[in-house]
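Biologist: Hi! Could you walk me through this structure, one piece at a time?

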Amino acid sequence: MKQLPISVILSGIFLFIIALWVLLPHVFAPHALSQNLELSNLPPGTDGHWLGTDTLGRDVMQLLIAGSRSALVGPIAIALGSLLIGLTFGNLAGWFGGWIDRIISAYADLTLSMPSMLLAIAAAGIIGGGYWVSVFIMIILYSPTDVRLVRAAVLQQKSKPYIESTLLMKLKPFHILTKHIFPNISSIVFVNFFLNIAYGLVSMSSLSFLGLGVGPGDADWGRQLSDGRQYLFENPSLAIGAGLLIILTAVSINVIGNYATEREELDNLRGKRTKRL
Amino acid sequence: MKDKLFFILKRLGNSIITLFVLSFVIFSLLFLAPGDPARNLVGTRQATPELLESIRAQHYLDEPFLVQYARWLNGAFRLDFGTSIRAGADVATHVAPFAATTFQLVGMALFFSVIFGLSCGIIAAKNQGTLRDSFINVFALIGTSAPGFAVGLLLLYLLAFQLQLFPMFGSGTFMHLVLPAITLAFAISAMIIKITRQALLHEINTDYTTFMKARAISPIRITLAQLKNASPTILTSTGLVLAALFGSTVLVETIFSLPGLGNLLASSVTFRDVPVVQFIALIMAVIICLTSALVDILVYLLNPQAVRVSTSNLEHAGLLKGRKK
Amino acid sequence: MITIDLQNLNVTSKELDILKNLAFHLNNSEAVGIVGESGSGKSMFVRSLIGLLPIQTSVSGTYRIDNKEISLNAKEKQWRTIRGKDIGMIMQDPFTALDPAVLCGKQILVGVPKNQRRHFDLTAALTEVGLPTYITKRYPTQLSGGQRQRVVIAAALATKPRLLVADEATTALDVITQKEILDLICNIQTQRNMPLILITHNILLAKQRTKRIFVLEQGKIVEQGNTTDVLTAPKQKATKKLLDAHHLLLDAPYATGATREKVILCCKMLSKRFGQTQALNNVDITVDVGECVGIVGESGSGKTTLGRCIVGLTKPDFGFVNYFGTHSPQMIFQDPYNSLNPAHTIRYMLEEALTAAGRAKSELEEIITLAEIPTELLQRKPAGLSGGQRQRVAIARALAPRPDLMICDESVSALDVKVQNQILHMIQKLRKKQNLAVLFITHDLAVLKMIAGRVYVMHQAKIVEHNVTKQILENAQHPYTQKLIAASEIGVS
């Protein structure tokens with residue numbers, strides 16, 4: 001076992017803390033929404049409010065902790081939805097080919113050649129915005145990449161002798177896909193799922209930042225960044241804090257995801273090398 | 001020669017077909033929106049029956065969908081895109097100054113990113129495993145994973161407010177564009193670094209590189225050969241990055257309060273100014289289609305032997321992921 | 001003339017010794033062979049001669065060219081005065097050694113020193129390696145493997161080296177092309193009177209082509225000297241092992257053929273085309289019950305496509321596959337590392353195969369006895385098995401549906417000779433015990449001789465000759481078969 005790089009360990013610890021925030025908001029931020037106008041705009045470092053307070057006198061630290069939930073639940077839903085669509089249609093397209101494959105690939109090509117952020121903004125604006133609407137739009141926009149990823153992985157597996165031999169054994173496609181192909185592509189699919197959470201976080205907080213995600217005043221990092229932006233120069237801790245949290249979470253997920261991908265590639269490489277000997 | 005001409009014509013024909021499909025999708029936007037299209041065209045004005053009636057007449061909303069589409073397309077060919085609901089002016093004239101700002105911004109950002117991204121990518125690949133490489137890698141990692149608007153906000157706070165190096169908000173001068181362009185370039189150059197480094201590393205580890213070294217061919221010539229072989233990947237991905245660039249302008253323009261296309265799009269969406277939204281979407285579609293066609297043609301002319309890079313390859317390498325921003 | 005003297009060469013990579021205390025001397029225009037298994041450090045030795053060791057390695061020792069000392073840790077700039085001019089190298093894989101984006105002529109030219117480039121005669125350079133002039137205007141992808149390797153040789157010679165190193169220069173090629181390229185390299189050596197270092201894993205090749213030989217094992221030279229002396233009376237185990245690693249076509253025993261009775265497989269007029277390439281062209285073959293038939297041909301001759309058409313993995317464009325067995329035919333693939341799913345245990349795979357064939361899981365015992373698989377392997381996953389064991393599992397799995405015909409597609413070519421023999425022996429036993437017909441696809445005539453009673457020779461998508469194995473090997477009619485046999489007799493594989 002090789003030791004994990006320090007960056008991966010730090011990212012893991014950071015994500016663990018964020019996960020605790022998401023799961024246990026009552027423990028870490030019990031007073032997130034309690035306003036006290038007498039204590040408004042306190043600077044960071046004040047007793048009891050070490051990141052200060054916002055214009056309504058709410059504790060910034062607790063606000064940020066409370067914001068983690070809406071910042072991450074949506075992205076996880078996006079990654080999950082996109083994963084399910086990706087697995088279903090990717091398997092269909094990869095295994096059966098033909099017209100199913102052509103339709104799915106054409107759709108994927110079309111959405112991939114457009115700036116998805118602009119599409120999301122246009123769609124969210126026209127449909128009317130809202131948190132779950134945004135999640136839904138994002139699933140639609142994310143899934144083509146996942147479909148293509150699964151499709152490519154299935155195609156790659158399909159030509160391997162061990163899959164061809166299952167054909168000669170006359171096994172059913174569903175059995176082959178679940179028992180023989182899935183175990184061999186699951187790691188790629190899950191790493192991709194994990195990375196999608198980071199991209200989802202970026203996309204969702206972008207929409208929230210533009211006022212198309214959560215409602216005004218809701219605890220959400222993207223929204224907090226946009227709300228705090230108005231007071232950036234008088235009371236920067238909310239905007240800067242939310243910005244830093246988004247950046248750090250996204251970077252941490254990417255650090256771990258990239259590490260996992262590299263490990264995977266390395267293992268593949270090793271597999272090849274033993275093959276040659 | 002004949003092959004080349006054929007390829008170029010074929011590729012351009014392809015783009016035109018794609019544009020037609022896209023124009024159809026864009027026109028459907030009006031009808032995809034929930035509710036009555038006429039009401040959508042009213043925007044935020046008071047929806048009196050008379051106004052609704054006049055809008056129906058003006059936009060021929062009683063005619064079949066395809067006839068309306070044909071009418072709209074016909075107008076588009078004559079550069080008549082309708083009237084903005086909010087400004088009451090001709091769409092093209094209304095949008096032009098916003099487009100100018102965005103094009104300047106995107107142009108500047110692209111210039112920064114290509115120069116910076118390419119050189120950093122080459123340096124990192126050529127010094128693989130050294131401190132310089134890891135430094136560039138960390139930069140690329142943060143740039144590709146951190147959202148542009150958050151980075152922009154931090155830059156604004158540090159460089160404009162704390163250090164007072166740049167004007168904070170507003171537009172008009174060159175200096176006003178520099179910080180937004182840097183913000184955009186931060187993400188885009190990180191993507192270009194990642195792409196260039198990966199593509200070049202792949203070439204560095206090839207047998208032909210070893211064979212060239214074994215024949216004492218000059219390092220510069222070897223690097224050029226490697227770049228030529230890596231160019232399809234680099235060019236194709238850079239073309240796709242341009243699409244991402246337009247996507248991120250919305251956020252960056254909002255952060256820096258720049259009156260650009262993205263900003264206009266976001267506010268037109270909230271005001272339900274459908275003709276403006278359609279026009280902006282069309283401009284973007286044209287730019288993106290043309291860029292991708294140009295890139296493909298360039299790749300082909302540079303390297304007719306190369307197998308064309310398919311986007312799915314890039315995706316697999318995790319290169320396209322970042323563009324979701 | 002050039003003298004090379006290398007003493008105490010040590011190469012380590014991450015605490016691991018790759019080369020230990022190596023000494024090498026060369027002062028004659030002779031051909032020297034360096035042989036060893038893959039991983040014995042042969043390639044690292046070549047790379048240390050021209051300063052192309054991988055980045056993570058450290059190197060020490062004394063290195064002299066023409067009595068001038070050269071630091072093994074010299075800067076790139078100094079190495080560039082040695083590479084090409086003193087020592088030229090021919091790479092192993094002609095398919096990757098050339099820049100795919102540059103015309104062949106230009107690739108040869110760029111290596112020529114600048115001041116001579118103008119007067120360089122490309123036609124002469126190509127003629128020397130047996131290529132026509134129009135090759136200069138071709139991209140590497142437009143050439144065959146043999147042609148590409150000739151371009152590589154021309155490019156290596158264009159820098160005017162005083163010593164030529166060929167690092168496994170023919171391993172990636174087909175038998176006939178291997179022989180042609182080796183002939184070419186050796187001709188150039190004698191004509192230019194230039195020393196040659198031949199690096200190879202194939203000791204028989206070194207035996208025929210070199211005067212002196214160095215046997216390398218785990219980074220050490222274990223035996224050296226005059227090639228004939230060393231190889232007629234090898235003292236070291238490593239040398240003997242290398243000598244035993246090749247089937248000798250002449251020494252291999254003929255398989256005992258089965259009497260022909262009832263037809264089990266009959267293919268008529270099979271044709272298949274993949275884009276521009278014709279893979280099968282009007283192919284007719286028949287296989288009888290309990291018979292072992294060989295299909296021999298080079299890579300790309302269409303033999304694999306034929307096998308795949310018979311089991312139904314590929315659909316022929318035209319022609320008939322008439323199969324008269326009761327249970328569908330099964331196939332054993334070439335690559336033992338990819339024929340078993342890495343995610344499952346051996347037990348799972350075999351039980352699954354039994355269930356799929358409608359047999360009880362309790363019959364597992366029967367098929368593993370037939371394939372001679374020890375019971376303790378059942379709990380393992382493929383990663384814990386050797387190549388031979390994996391191929392046995394693949395055979396056991398194929399036996400589960402009690403097939404009447406088994407197609408073996410190069411099924412032993414990835415294995416050691418000893419394991420090859422065991423597997424071939426087992427297949428013969430199975431054939432007799434189960435009355436199983438076997439269609440054995442191979443490029444290796446020695447393997448063919450040991451297993452097949454009858455042979456079809458395939459060349460460029462066609463069956464060019466068909467006869468009893470003994471007749472084919474001793475009295476071949478078609479010029480292609482004759483060439484193939486002539487090239488195979490030196491034991492290259």
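**A sheet in chain C**

Modeller: Happy to! Let's start with one bridge: C:Phe274 has C:Thr277 as its bridge partner in β12(C). Helices (H or I, at least four residues) and strands (E, at least two) are DSSP runs, numbered from the N terminus. This is a predicted model, where local features need pLDDT of at least 70, side-chain atom pairs count only at pLDDT 80 or more, and totals for chains, interfaces and linings use all residues. Residues are numbered from 1 along each chain as its sequence is written, while chains are lettered from A and ligands numbered from 1 in the order in which they are written.

Biologist: Thanks! How many bridges does β11 of chain C share with β12(C)?

Modeller: Eight, in the antiparallel sense, and β11 covers residues 263-274. Two strands count as paired if DSSP finds at least two bridges between them.

Biologist: Which strands make up the open sheet, and in what order?

Modeller: Three strands of chain C, in the order β12-β11-β14, with antiparallel pairing.

Biologist: And which ones stand at the edges?

Modeller: β12 (277-288) and β14 (318-323) of chain C; each has a single partner strand, so one side of each is left without a neighbour in the sheet.

Biologist: Which helix packs on the sheet?

Modeller: That's α11 (residues 303-311) of chain C, touching β11, β12 and β14 of chain C. Its direction makes about 120 degrees with that of β11(C). Axes here are lines fitted to C-alpha atoms, for helices over the stretch in contact, and angles run from 0 to 180 degrees between N-to-C directions. Touching rests on contacts, meaning C-beta atoms, placed from the backbone, within 7 Å.

Biologist: New topic: what is the phi of C:Glu168?

Modeller: It is positive, about 50 degrees, although C:Glu168 is not a glycine. Most residues other than glycine have a negative phi. C:Glu168 lies in the loop between β7 (163-167) and α7 (175-192) of chain C.

Key:
Two residues are in contact if their C-beta atoms, placed from the backbone, lie within 7 Å.
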